[in-house]
Every structure is written in C-alpha cells, then in structure tokens.
Amino acid sequence: MHKYYLNHLQELESEAIFVIREVVAQFDRPAILFSGGKDSIVVTHLAKKAFWPAKIPMPLIHIDTGHNFPETMDFRDNLVEALGVQLIVGSVEESLRKGRVKEETGLNASRNALQITTLLDTIEEHKIDAAIGGARRDEEKARAKERFFSHRDDFGQWDPKNQRPELWNIFNGRKHQGEHFRVFPISNWTEMDVWNYIMQQNIQIPSLYFAHEREVVYRDNTWLPASEFLTLREGEAVEKRIIRFRTLGDITITGGIESEANTLEKIVNEVSAVRSTERGNRGDDKRSETAMEDRKKLGYF
Amino acid sequence: MELLRFTTAGSVDDGKSTLIGRLLYDSKSIFEDQLAAVQLSSERKGLQHVDLSLLTDGLRAEREQGITIDVAYRYFATPKRKFIIADTPGHIQYTRNMVTGASTANLALILVDARKGIVEQTCRHSFIASLLQIPHLIVCVNKMDLVDYSEEVFNKLVEEYTEFASKLDVTDIRYIPISALNGDNVVNHSTNMPWYQGATLLNTLETIHIASDYNHIDGRFPVQTIIRPHSDEYHDYRGYAGRIAGGIFRPGDAVTVLPSGLQSKIKSIDTFEGPVEEAFPPMSVSITLENDIDISRGDMIVKQNNQPQVGQDIDMMMCWLNNKPMQPGAKYYLRHTSREARSVIKEVVYKMDINSLQRVSNDNTINMNDIARVRLRTTQPIMFDAYRKNRNTGSLVLVDEATNETVAAGMIVDSHVN
C-alpha cells in the first residue's frame, strides 16, 4: 500500500474539517445546528477537532419542539458544558405562544413543519450568517443534490434549480445582507461511515441509539415511543419492546426498530445488514414523494 | 479502505442510469424501501420496467420532466473500496454540471452505445474529462447485447476512440465491453463475451491505482484560518490551519510564506490526535512555525526550494457557468485556494468548439457552457501552479460582483504553453 494515502474515513474527516474551518474563515456569525442526533454530534466532534487546541469558536443552536426525548436534553446539556460553548435554544413552544405558528391538528399532526419558522426566527434574531448542519446526501433524494455551501435567500428559502455550482474545494460564501448559508460538512458521508466513525473515535451518543426496553405503540410499520404527546387510536395498545432508534428527532415522529444491538459493534453490524433506509421510520418524510424537497425549499434543515 | 470519486457521462438513453442502478443494486446499496418507492413511481407512470433513473432524479422538476438537471451524488461501497459517484446529466446544455462533477473526480466513466459508436457527446464528455485532468478514463462500450456481443464491433470502437483520444490529454484509458441491462462485465465476467479477457467494470473500479493522483512533490499549504486558543495551557499557541494542497511537509522544513516572502522553519504539525511527523494531501492539519511572523488567511506556506508562480496575470482555460454571458471588461471576484482577489478578463485568446475540438478566434462572446482560453489580471498577486501540475493550486472560480453567483471555473495553464 502506498505510504501517503488516507483511508476513506480519514479523507472524509479531513474534508469535513476543511469545510468547517472554511465557514469560520468566511462568515462573521456562524453556528452549528445541534439536534442531539448522531449526525450533529459527529459534526460537533469534527468542529472540536478542527479548532483544537482552541474551543469551538461558534455557538450550538438547538431547535426545541417541546416534544423531546428527555435523554436528548440531558445529553445536549452535558456536551455543551464539556465543550464550553454557548448554547442558543429556539423554542417552538414560544413561537406558538407568540402566534408565529399554529399547532397542526388532525391524525398525523406534528411540530415538524413548525420548526422551520422557529429556526428561521432564531437565525434572524442572532444574526447567524452560516448554520452548519449534519445533513448527508445519502439520506434522501433531494439532499443528494445539496451543495456543501447552500445559499438561502432573505426568506431563508432554498432554490434547488438555481444552486451555485461547486467546483473542486472552492466554496463561495458571498452573500447579500439578510441572506444566509446552510453548510453541510458531512455531505459525502453515508450512514455506515457515520457509525464506523463514531465507533472508531469512541464518540459519546445518547442512550436512545442502543437497544433498550421501552413502552411503544405500533403505527405505520414502526414503533412509536409512548409519551404524553401520543394519543392512542382505535385498536392500538402500548406494549413493552426491546427497540432502538436509527435516527432521532421529535419524539412524536421518531419510530424505533426492534433490535438487540446494545453496543456500537452490534449497531455497525446491524446497519450493514439492514435493508431499508434510516429515514424509513420518519413520519415527516412519508407525507409525499417530494416531502423533503418541499420542506427544504421553505428553509428546513 | 480507499475512497474513489468518479463521474459518469453519457448521452441521453445510452444506459447511464441503468448502469449506475446496476452498480448500486449489485453492491446491495439500494435499500428495499427505495426500490419499492421507485417501483411504485414507475407503475404510476405506466412504465413496463423499473426506471432506476428515478433513484437519482430527486428534484420535483426532474421527476416531472424525466430529465436530470443537476449533479446528483450517489454512494456505494464494496469490501475493497468506497465510491462516490457524481452523476451528471448528458444534455448539451448542462456542460457546467459535467465540469462540476468532473472537478473532484479521480476517474470518469464514459458510456458509448455499441450501435451508435462515438458521437458528438462522447467527444464533448471526453474533452471535459481531459480539460479537468481526470487521471483515469474508462470507456464502457454498452449495449453489447444489441450487437450480438461482437468482438469486431468492440475493436472498431476502441480503435476509433483511441485515435480521437490522441488529441486529448489523458494517459490512462481503459475499454470494457458491457451490457448494463443484463449485467455483462459489470460485476461478473460475461459468458457472452469469452473473447474479452480484461477485468470487469467493478473490478477495475476496485483496483485502479489512485494513491499517486495527488501531487506529492510541490509543497503547498494555503492558510485557511489562524488558531489562537488564548487559554492558560496554550497561551502562546499560534497554529496555521489548512489542508495540504501539495507535497509532503515535515517538522524542521525550511519554508517561505507567500506573498510576503518571509522565511521560517516548521516547528510542529498538529492534529487533535497529536503532532504528526509528515503531512501530505489531502490532510487537514495546523502548522506552527519557529518564528513569530505575520501570516493571515490567503497566505501560502511553501518549501523554500520549490515555489509556485506568484503573479497578477493568469492564463487559463475557462468554462462559463452562468446564464448571464461574460461581460467584457467587467470585474469578478476571484477565489483561488483560500485567497480572494478582484479580477478582470483582459482577453479572450480563443474559444473552443468542443464538438470538433477546433479553436475559434475572433469571437469574444462567452455564454453559458462555453469553454475558452482567457487572460486574467488580478488586483493582488496570487500563488499558483499550472492546473496540470496541481489541481488544488491550479484551479479557481470567478464570482459575479453583483449577484454573488459562481459564474466561471478556471484551470490555469503555463503561460508559455499554447
């Protein structure tokens, strides 16, 4: 083997660190969008490595739907303290109180779409000009067309047909007043890469990713966690199952899978054998064929 | 496991999507729910077969019109390598997407329809691969099943392409006869073509030597940002953060900082995991120097005995990427490595007719998808190498000062070479 070569995880890591440093160099008020999910945890880890021995020179932003897994909140607070970074919380509850958004009603009601308004309000309030996210191109077909540096107009909207060409490793972050960028340093990572990297780097992740016993309800081919926000429908019952979550989002829309994987090794094995995409258990993507593109155009993550 | 980035180019209907679909499917990279969704969409459209292009056509407009309008990135892995595919549309008007996809690729797959042979689009795609200096080219002669798996047809095409390619600047070209639809020579050796003794497509992708695609000779380190912790433990730490763009750096190396010309020695090369003894492309590191000298973003740390060109006059091949034509005499922001400067296009030396590979003189109108040789003048010196020598320090983009859009891609050529 050639002496001067990086393996694929090292190369992806180096690319991501390059992108994160580029953000800090090109923008005045960048921030990391932190959801508590594994992808944003990996991005935060990469930011830590990018600026070591200095601290991460930007705040974390968490958009709080008010429908959280308690585990995610504990994890977030511990991480923020360990890193010594600022945390900005954008609250959907507050957007509701201020009348900025209206709670969805009906059977599939969730606060997923409401996050868009809260996110854009938070970005505006704190004058954030670049928001770094953990989205990956392999996740979803609209995301496959996303740039590393993704331009948003002054309404926070994405125009997929009119994206700036991105060549080599040259990133164009020039913008007009009021516009901002979303930046995706792990664009080229797959779910498998993320898990392998978490294992290799021994990155701490919320316990929800590991198999655990939980009260759940079977709905739409997935196990939804029982919570105060979940109303049982006819014929549904709360059961105890050993499950784990492949992605983490709002507790009302994040479905789990039955699994025995309670260590990182077992998760990596399970992910490499699994035959459906990780977002297959996400209620928010099931609404239509272009649900993600439509939300992204409006300013979704 | 190594990472191989490749781009696919081909005309409409030459089976590109089918080939990608097959690579993804046979490497078990298509998930059941993705396949089920595509099957459902195909049925809804009244198609007889499962349209695998629906896997890559992600945007609403693309699905409605049945065309690919943007570069889509696809991922798959085998036990030997991980692959990133930049899938670019083949329509004539989308040269800019092909250039984008090609800019980061180690390898290009060019698809040729065995029945149609080498057509204008083949020439155009090959020229772009050569212009963007993709180190490896695989010509897949597809639809061999429709020409009775004929060795003669294949050999004739190879001969034709070889002759055409002599005009290009590509050193490593391989030819594989395949049927993407039936899977011949894609993953498994074809029993229909016993006369073909070469490797299958997947095997070639897995084994082609890419480790020397980077420049390991000319030490180039563009400074991205400065790391200053201001903490008690690292009070005086001053690290220059960046990604190695060429060569191999070691502690103790005598270096020059450009454009100032100040000299120093490398004290340490740091990463989060600790200091390293060697740094090479494409590693992201931070470098500390023995002397306290004034360095900022956009400067370049180079070896004292091997320096890039420093200047304000740039000769380059340029691909125009924007709807709005080039404005003669207009100024554009230039982005090159971590440096930004203003620039003006002084002269269009010639335009390239990419179908005939002929140079067209006396035509200064540059529209979207045009490729031209131009001369540029910058307001500040930039530190560069010929693109042929180093893709990192030889590439640049131009940004419109009014719209902030990226309007052109430039590949720097040695000024004394035509």
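How much area do chain B and chain A bury between them?

1. Chain B and chain A bury about 6600 Å² between them, 55% of it on carbon and sulfur atoms. Buried area here is the accessible area (1.4 Å probe) that two parts lose on being put together, summed over both.

2. This is a predicted model, in which local features need pLDDT of at least 70 and side-chain atom pairs count only at pLDDT 80 or more, while totals for chains, interfaces and linings use all residues. Residues are numbered from 1 along each chain as its sequence is written, chains are lettered from A and ligands numbered from 1 in the order in which they are written, and side-chain values use heavy atoms, with hydrogens and water left out.

3. Chain B contributes 84 residues to the contact and chain A contributes 61, contact meaning heavy atoms within 4.5 Å. Seven salt bridges are found across this interface; the rule asks for a side-chain nitrogen of Lys or Arg within 4 Å of a carboxyl oxygen of Asp or Glu. A salt bridge joins A:Glu11 to B:Arg5, at 3.2 Å from N to O.

4. The interface of chain B and chain A also has 29 residue pairs in polar contact, both residues at pLDDT 80 or more. A polar contact is a pair of N or O atoms within 3.5 Å; within protein, one must be able to donate a hydrogen and the other to accept it, and residues adjacent in sequence count only if both atoms are side-chain atoms. On the side of chain B that touches chain A, helix H2 (residues 32-44) of chain B supplies the largest share, five residues. Helices (H or I, at least four residues) and strands (E, at least two) are DSSP runs, numbered from the N terminus.

5. Chain B is assigned domain 1 (2-213), domain 2 (220-303) and domain 3 (309-412), with bounds from an automatic or database domain assignment. The C-alpha centres of domain 2 and domain 3 of chain B lie 29 Å apart. Their contact takes 12 residues from domain 2 and 11 residues from domain 3.

6. Domain 2 and domain 3 of chain B bury about 920 Å² between them, 57% of it on carbon and sulfur atoms. Two salt bridges cross that interface, and six residue pairs are in polar contact, both at pLDDT 80 or more. B:Arg339 and B:Asp299 form a salt bridge, with the closest N and O atoms 3.9 Å apart.

7. In chain A, strand E2 (residues 60-64) pairs with strand E3 (residues 87-91) in the parallel sense over five bridges; pairing needs at least two DSSP bridges. A:Leu87 in E3(A) is the bridge partner of A:Leu60.
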